[in-house]
2 protein chains.
Amino acid sequence: MKALVLKDLEHGLEYVEDYPRPTSKPGWTVVDVRCAAINRRDIWITKGMYAGIRLPVILGSDASGYVDGAPVVVNPGLDWGDDPRFQSRAFHILGMPTDGSFAEQVLVPTANIYPKPKHLNFQEAAALPLAGVTAWRALFTRGGLSKSDRVLITGIGGGVAHLAMKFALATGADVYVTSSNNRHLEKALQLGATLGVNYRETEAWDKTLKAHANGFDLVIDSAGGAPYARLIKLLDFGGRIVSYGGTLGPVPSLSPQVIFWKQLNLMGSTMGSPRDFSDMLEFVSRYEIVPDIGATYPLSEGKTAFEYAANGGHRKVVITVKD
Amino acid sequence: MKALVLKDLEHGLEYVEDYPRPTSKPGWTVVDVRCAAINRRDIWITKGMYAGIRLPVILGSDASGYVDGAPVVVNPGLDWGDDPRFQSRAFHILGMPTDGSFAEQVLVPTANIYPKPKHLNFQEAAALPLAGVTAWRALFTRGGLSKSDRVLITGIGGGVAHLAMKFALATGADVYVTSSNNRHLEKALQLGATLGVNYRETEAWDKTLKAHANGFDLVIDSAGGAPYARLIKLLDFGGRIVSYGGTLGPVPSLSPQVIFWKQLNLMGSTMGSPRDFSDMLEFVSRYEIVPDIGATYPLSEGKTAFEYAANGGHRKVVITVKD
């Protein structure tokens, strides 16, 4: 079958037409892929910046397609396990080490296959799973969002942050955002965010946020680093901050006094449980939320698609496997 | 009435016999104090190391005594407010700015008065409230202790830590402790702790704990500082760490990756709600838990009692107001 294969890190992705088709086995189902989407994870793996890389492999965590003629999307989290609070040691993400969705067919556990939300086309449905479940778990399962919350979402240019914003706005929460890019901030305001602050242009970005929101009930962050300590101080009594990433590295100084006196909750979140995934799909369908698509490429131009995605913002780069 | 008064920080505590008795007012009740107990807070205030010191004042947050002949203990947390998740802005602790328990009588909100647990004498009952409610909230309300948990309690020489250990052992949890003092570790093992590690003698104290417990479900800490990052790494997936103090100051480096990948929960806790206090008393009565007393002094020797307490360990220094 046609597939985008990562044989070795030196040569990078290669489009082939003779990759062996997956063979079904009990409890697993072959999905005929229509669209796949690129995640940061895929890009990092091609650059060798990921733990436990095993090659050759077909990358791709996000997929929409057909099973027996029925339109489906795939939950990319495999072997989460029985505990909704955390993943099992066996947990892994579709597309390394398991062959992923940049191919005509992908083999996944049957339990990971869900009906495609009706309001989404196949491109949009493929852009949803990984970012959607990550945003959902961070915001609701871990962050416990309620509609009366004042929510701050940092780095709104990111795909997960952008979806988290759409989810939070759909519930009616009061949403504030940060970015280093005014275009992303303007987009957020158009969608209903209350305030956007450019942390690169505004040294005292935390003071600006404090002046407008007074304090936050919930912060959703994927950066960590030095700004994290300022985010903590923006939390109101009983406030929560959920980290789903750490692109700025370790937090250089954190005061226990602020944490205990304000009864704060600092939480981590990664991917999501099967329940998180099905709850996310239900919410996305109910509020007719649509992920943003930045560009689409045919599978044969996958390498170009990756180059585009590596420089892109929150908008997903979709690979159309079958028109 | 007889009282131990802090008139100014230069002269320190002064024992007087002519302090005006408190006058009752609607919603408040005068307690005839039998015993009071010294907390770190009292000592810090006498040294000027506390925010918003207002003088003159009678210190003392812990009290047992009588109301209309009935034996009582006092909840030292005033004006917690309506939300069980965090204290209101009006929240304060008995004994500065409100006159406290180092006196023959103390005026407290009637709702803060509870029947004395029957299995405790007045000395023991006076040693319980502040440390007890702090330990309770950290361990149960915030930490969500369950009896199948592996729990690590740091600085077991501290009064709150010691009570938290007794509470955790009463539920049947698997309890590990740390201290810089082998005497405290031996005492913990006698009471039922699984392992005690001296972090001053053992540079790789975290490796020792890891080797024995594998990972922890819950850590209770009042130090923060550099060891905090090591405590985080000792947590198992979904683990919780509750901070109720920060004697070692800011945490110098904290990795977001560990927090999000393991779905961790880093929480702060201070004092406790009225519900925390009554739940704590019920638990202490059910399991007949007794706080340790290190020494007792009459009110007239309060100054000496403070000097003793400043150098003491977890055992409470009690001031007997009336024999």
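Buried residues make up 50% of the 323 residues in chain A. The model is a predicted one. Chain A holds 10 helices and 18 strands. Its C-alpha trace spans about 60 × 35 × 35 Å along the principal axes. The radius of gyration of chain A is 20 Å, which agrees with the value near 20 Å for a compact globule of 323 residues. Contacts across the sequence were also counted. Among contacts in chain A with a separation of 6 or more, 68% link residues 24 or more positions apart.

Chain A is divided into two parts. Domain 1 covers 3-128 + 292-320, and domain 2 covers 133-268. The centres of these domains of chain A, taken over C-alpha atoms, are separated by 29 Å. Six residues from domain 1 of chain A and seven residues from domain 2 of chain A take part in the contact between them. On the domain 1 side, this contact has no nonpolar residues, four polar residues and two charged residues.

The nonpolar core comes next. In soluble globular proteins, nonpolar side chains tend to be buried together. The largest nonpolar core of this model has 182 residues. Val151(A), Ala164(A), Val151(B) and Ala164(B) touch the most other members of that core. The surroundings of Ala164(A) can be listed. Leaving out residues up to four places away in sequence, Ala164(A) touches Ala135(A), Ala138(A) and Leu139(A), and also Ile153(A) and Ile220(A).

The two chains also meet. Chain A contributes 29 residues to the contact, and chain B contributes 29 residues. On the side of chain B that touches chain A, three elements each supply at least two residues: β15 (235-243), α8 (256-261) and β16 (265-268). Of the elements, α8(B) gives the most to this side, with five residues. By class, the side of chain B that touches chain A has 14 nonpolar, 13 polar and two charged residues.

Strand pairing crosses the boundary between the chains. Strand β16 of chain A, residues 265-268, is joined to β16(B) by three bridges. The two strands run antiparallel. Within this pairing, Met267(A) stands opposite Asn265(B).

Definitions and conventions
Residues are numbered from 1 along each chain as its sequence is written. Chains are lettered from A and ligands numbered from 1 in the order in which they are written. This is a predicted model: local features need pLDDT of at least 70, side-chain atom pairs count only at pLDDT 80 or more; totals for chains, interfaces and linings use all residues. Two residues are in contact if their C-beta atoms, placed from the backbone, lie within 7 Å. Helices (H or I, at least four residues) and strands (E, at least two) are DSSP runs, numbered from the N terminus. Ala, Val, Leu, Ile, Met, Phe, Trp, Tyr, Cys and Pro count as nonpolar, Asp, Glu, Lys and Arg as charged, and the others, Gly among them, as polar. Two strands pair if DSSP finds at least two bridges between them. A nonpolar core is a set of buried Ala, Val, Leu, Ile, Met, Phe, Trp, Tyr and Cys residues joined through C-beta atoms within 7 Å. A residue is buried if 20 or more other C-beta atoms lie within 10 Å of its own, exposed if 12 or fewer, and partly exposed in between; C-beta atoms are placed from the backbone. Domain bounds come from an automatic or database domain assignment. The radius of gyration is taken over C-alpha atoms; the globule rule is 2.2 Å times the number of residues to the power 0.38.
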